[in-house]
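Reader: I would like a close look at a single part of this protein, followed by a description of how that part sits in the whole.

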Amino acid sequence: MIRDNLNAILSSLPSGVRLVAVSKYRPLSELEQAYECGQRIFAESRPSEFETKVLSLPKDIEWHFIGHLQTNKLRHVLPYVHMIHSVDSLHLLEAIEKWLAARESDGDLRRTDATGRNYVKALLEVHIGAEDTKQGFSPEEILTFDWDSAAEKYPHIEICGLMGMASHTDDIGRIEADFALIERLLSEVRSSHPAIAGRLRELSIGMSDDWPIAVRHGATMVRIGSAIFCR
């Protein structure tokens, strides 16, 4: 089942759009099946589960974190993560920078740049859906974020785009509008800040039920779980 699901999704994804397999709540055996089928990018949303799976599975997996990350849980995620999709506040951004800077010389952190500096890739999460429970920056906060100084302010974080979720609805028109807004936000940021436009390559939108719509709106990564592991 997992092999068939993966093949069906991958055969439908355009080149340049990466599949992030959302493996939260799934047993290790299912992740191992997906790995055996060639999947190498996995995402988790709970820090303790994330750390357990990282330490239990092959080292060549590229791990992403997609859930709300509390600052007191950074130690479970930052030593291993390739990309955090869900940086949802300035407070979290500053806490990540501080944590990585304090461990500058630690040799066991997974990612370093060419100078040996610890760093992590990150996306700013946009909150556009109607649900009050969602975290993230408002569209206005995205547009007024100090993009040009971000590399100087947060030298251990490579901010490389935006992440967002559409409203939880069956209204295709609303989903289209939500994804179009996130796509437009990223385009406006790139246009307004040409010096860093080349760094802002990633748009993480789309999940199991709406990823084809997300692809039409410029997604470079789609986060798919149940369509791989549950059907």
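Which residues is H217 in contact with, leaving aside its neighbours within four places in sequence?

Author: The model is a predicted one, in which local features need pLDDT of at least 70 and side-chain atom pairs count only at pLDDT 80 or more, while totals for chains, interfaces and linings use all residues. Residues are numbered from 1 along each chain as its sequence is written, and side-chain values use heavy atoms, with hydrogens and water left out.

Leaving aside neighbours within four places in sequence, H217 is in contact with E176, F179, A180, E183, L203 and I205, where contact means heavy atoms within 4.5 Å. The place of H217 is the loop between α8 (211-216) and β8 (221-224); helices (H or I, at least four residues) and strands (E, at least two) are DSSP runs, numbered from the N terminus. With a relative accessible area of 12%, H217 is buried, given that buried means under 20% relative accessible area, exposed over 50%, and partly exposed in between (1.4 Å probe, protein chains only).

T169 is found in the loop between β6 (157-164) and α7 (172-192), and T169 is partly exposed at a relative accessible area of 31%. Apart from neighbours within four places in sequence, T169 is in contact with R174 and I175, and its C-alpha atom is separated by 33 Å from that of A95, 74 residues apart along the chain. D146 belongs to the loop between α5 (139-144) and α6 (150-153) and, at 34% relative accessibility, counts as partly exposed; the C-alpha atoms of D146 and A177, 31 residues apart along the chain, are separated by 26 Å. Y25, in the loop between β1 (18-22) and α2 (28-36), counts as exposed at 53% relative accessibility. Phi of Y25 is near 70°, a positive value in a residue other than glycine. Most residues other than glycine have a negative phi.

The C-alpha atoms fill a box of roughly 45 × 40 × 35 Å, taken along the principal axes. Buried residues make up 51% of the 231 residues, and among contacts with a separation of 6 or more, 57% are accounted for by residues 24 or more positions apart.

The interior can be described through its nonpolar cores, each a set of buried Ala, Val, Leu, Ile, Met, Phe, Trp, Tyr and Cys residues joined through side-chain atoms within 4.5 Å. The largest nonpolar core has 65 residues, and those with the most contacts inside it are I84, I96, L124, W147, L162 and I228. A second, separate core of 10 residues includes V20, A43, C160 and M221. Returning to I96, its contacts beyond neighbours within four places in sequence are with L74, L78, I84, V87, V120 and I157.
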